[in-house]
Amino acid sequence: MVKREVVGAHYGLLDWLVQRITALVMIAYTLLLVLALTRMPEFDYWHWKSLWGVPMMRYSTALFLLSLYLHAWIGVRDIFMDYIKDAGLRLALYVFTIGALAWYAIWSVQILWGR
């Protein structure tokens, strides 16, 4: 009988769970947004602006975007681990992807709370 020893970072289950939870958060936010848009009396600039003036909408959007960025990072990282065999190139792609996602997060906060 061959005894296999599992080695590695052991983060597969946690990543799987984070992807499922972030997917549920994104689905719930999408339903909330669709509900809010269907309840708008008119779809014009002033009603759209007032929708984003509600703190619950801003916070739920921030939670959605955080979930989106985590979900994207895990997915892209797994693709890089599976298909990019050169460690230097994979590290460079990791750094680029993390930088891009951090930039998107900062930009999202600026859009949501900037005036």
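**Figure 1. Asp78 and the salt-bridge network around Arg77 in the predicted model.** Asp78 is partly exposed because its relative accessibility is 27% (buried means under 20% relative accessible area, exposed over 50%, partly exposed in between; 1.4 Å probe, protein chains only). Asp78 forms a salt bridge with Arg77, with 3.1 Å between the closest N and O atoms (a side-chain nitrogen of Lys or Arg within 4 Å of a carboxyl oxygen of Asp or Glu). Arg77 also forms a salt bridge with Asp15, where the closest N and O atoms are 2.3 Å apart. Asp15 belongs to helix α1 (residues 12-38) and Arg77 to helix α3, so this pair ties together parts that are 62 residues apart in sequence. Helices are DSSP runs (H or I, at least four residues), numbered from the N terminus. Asp15 is buried at 11% relative accessibility, and Arg77 is buried at 12%. A search of the whole structure finds 2 salt bridges. Residues are numbered from 1 along each chain as its sequence is written. In this predicted model, local features need pLDDT of at least 70 and side-chain atom pairs count only at pLDDT 80 or more, while totals for chains, interfaces and linings use all residues; side-chain values use heavy atoms, with hydrogens and water left out.

**Figure 2. Aromatic pairs, including Tyr59 with Trp113.** The count comes to 7 aromatic pairs (rings of Phe, Tyr and Trp, the last by its six-membered ring, with centres within 6.5 Å; planes under 30 degrees apart are stacked, over 60 edge-to-face and the rest tilted). Tyr45 and Trp46 form an edge-to-face pair, 4.8 Å centre to centre with 80° between the planes, and both residues are exposed. Tyr59 and Trp113 form a tilted pair at 5.7 Å centre to centre and 45° between the planes. Tyr59 lies in helix α3 (residues 55-83) and Trp113 in helix α4, so the pair ties together parts that are 54 residues apart in sequence. Tyr59 is exposed at 56% relative accessibility, whereas Trp113 is partly exposed at 33%. Ring pairs also link Phe43, Trp48 and Trp52 into a cluster.

**Figure 3. The largest pocket, with a volume of about 290 Å³.** A pocket is an open set of points on a 1 Å grid over the protein atoms alone, where a 1.4 Å probe fits, with protein on both sides within 12 Å along at least five of seven lines; lining residues have an atom within 4 Å of a point. The volume is the space filled by probe spheres set on the points, which are joined across faces, edges and corners. Of the 10 lining residues, Lys49, Trp52, Arg58, Ile111 and Leu112 are the closest to the centre of the pocket. Helices α2 (45-53) and α4 (87-113) are the elements that give two or more residues to the lining, and α2 gives the most, with 5 residues.
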